[in-house]
Amino acid sequence: MREFETTFIVQPEISDEGLQAIRARLDGVLERHGAVRLMCDDLGRKRLAYEIRRFQKGHYLELHYLDGGPVVPEIERALRLDDSVLRFLTVQVSRHVEDIEKRKAEAAALEEERARKAAERAAREVEEEAARAAQEARGDEPPREPDREDDSDSADADEEE
Amino acid sequence: MSGMGMGGPGYDRDHDRDHDREDSQSVKSRLRARARKKARRQKKKGGFLRRKVCRYCADPALPIDYKDQKTLRLFVSETGKMIPRRISGNCARHQRPLAIAIKRARLLAMLPFTGQGL
């Protein structure tokens, strides 16, 4: 069994349910093809180094799994079909994993820890967002403009012209 | 560039053999020679020359990870280009995977292909 790691970027304005749906779909793909799911880590919203489809931020996720290889194209196909996925990259982490159960346990522990951190980070982000909104409401100096105000392309084009 | 200036057309016609030798010298070796020269000059001036050490050799625990934006940024110029070994001091063994990691990070928009990216 080889270990693979697929990192992918989801568009930043996605709802929590949408994110969960993507995760569930990928888990389904893994299960259908008999791969061992190790963990799915939420790396949070990060600023992109360059715009992708006019988004300046992206929600990064990282999926680890064990398989002989045939699931990789399936996973990538699922990601490609999803409109809210901006980018993905699959990397082979390890050529051969001997003790699957042990690796599984390690990954599960790590996932739990990372999930906790992600939750903390999410809470912090919400707090910051609220603070910024409050500041804006008070009529202070307007903070940096939001990443993307509108989904419709026509509105964006009007602004830029 | 100063290195090229020496091999001007008039110079070459008079010294055919010199011309051949200069041509066979690669751009990289010329750059390296210049770096050596600079180091020598600095030494002479009494300035201390810090020996460059590969960061990854100095700390074997430091993993080369394409998701580690902060560390990768150290090895990329302001314009997003990879910094050559000759400048960063990395050893060949670590520069190779590092280059791959930088390219992967670019694909995932963690590093810019060009420009500042922030």
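What percentage of the 161 residues in chain A is made up of buried residues? The share is 20% in this predicted model.

**View 1. Chain A is built from four helices and four strands.**
Read from the N terminus, its elements follow the order β-α-β-β-α-β-α-α. Take the contacts in chain A with a separation of 6 or more: 76% of them join residues 24 or more positions apart. Scores for the model are ipTM 0.71 and pTM 0.67.

**View 2. S3(A) pairs with both S1(A) and S2(A).**
S1(A) runs antiparallel to S3(A), with nine bridges between them. Within S3(A), A:Leu66 sits opposite A:Glu3. S2(A) is also antiparallel to S3(A), here over eleven bridges. A:Arg47 has A:Lys57 of S3(A) as its bridge partner. The hairpin of S2(A) and S3(A) leaves two residues between the strands. In that hairpin, A:Arg53 has a positive phi near 50°. In a regular strand, side chains alternate between the two faces of the sheet.

An α-helix has 3.6 residues a turn, so residues three or four places apart point the same way. Just past H1(A), A:Gly34 adopts a positive phi of about 70°.

**View 3. Helix H2 of chain A, residues 71-81, buries A:Val71, A:Ile75 and A:Leu79.**
Why do these three count as being on the same side of H2(A)? They cover an arc of only 75° around the axis, which puts them there together.

**View 4. Ten residues of chain A meet eleven residues of chain B.**
Three strands of chain A each supply at least two residues of the side that touches chain B: S1 (2-10), S2 (36-52) and S4 (85-94). Which of the elements gives the largest share of that side? S2(A) does, with five residues. By type, the side of chain A that touches chain B has six nonpolar, two polar and two charged residues.

**View 5. B:Arg104, in helix H8 of chain B, touches A:Leu89 of chain A.**
B:Arg104 also touches B:Tyr66. Both contacts leave out residues up to four places away in sequence. Is B:Arg104 buried or partly exposed? It counts as partly exposed, because it has 18 C-beta neighbours inside 10 Å, and a buried residue needs 20 or more. B:Lys67 lies 37 residues from B:Arg104 along the chain, yet their C-alpha atoms are separated by 8.5 Å.

**View 6. B:Asp65 sits in the loop between helices H5 (55-58) and H6 (69-73) of chain B.**
B:Asp65 is partly exposed, since 13 other C-beta atoms lie within 10 Å; the limit for an exposed residue is 12 or fewer. B:Ile102 is 37 residues away along the chain. The C-alpha atoms of B:Asp65 and B:Ile102 are separated by 8.8 Å.

**View 7. Confidence in chain B is highest in helix H8 and lowest in helix H1.**
Mean pLDDT is 93 for H8 (residues 92-107) and 45 for H1 (residues 2-5) of chain B. Chain B as a whole has a mean pLDDT of 76, with 69% of its residues at 70 or more. Across residues 1-20 of chain B, pLDDT stays under 50. For this stretch the model has seven contacts beyond four places in sequence.

Note on methods: Residues are numbered from 1 along each chain as its sequence is written. Chains are lettered from A and ligands numbered from 1 in the order in which they are written. This is a predicted model: local features need pLDDT of at least 70, side-chain atom pairs count only at pLDDT 80 or more; totals for chains, interfaces and linings use all residues. Two residues are in contact if their C-beta atoms, placed from the backbone, lie within 7 Å. Ala, Val, Leu, Ile, Met, Phe, Trp, Tyr, Cys and Pro count as nonpolar, Asp, Glu, Lys and Arg as charged, and the others, Gly among them, as polar. pLDDT is the predictor's confidence in each residue, from 0 to 100. The arc is that of the directions from the helix axis to the C-beta atoms. Two strands pair if DSSP finds at least two bridges between them.
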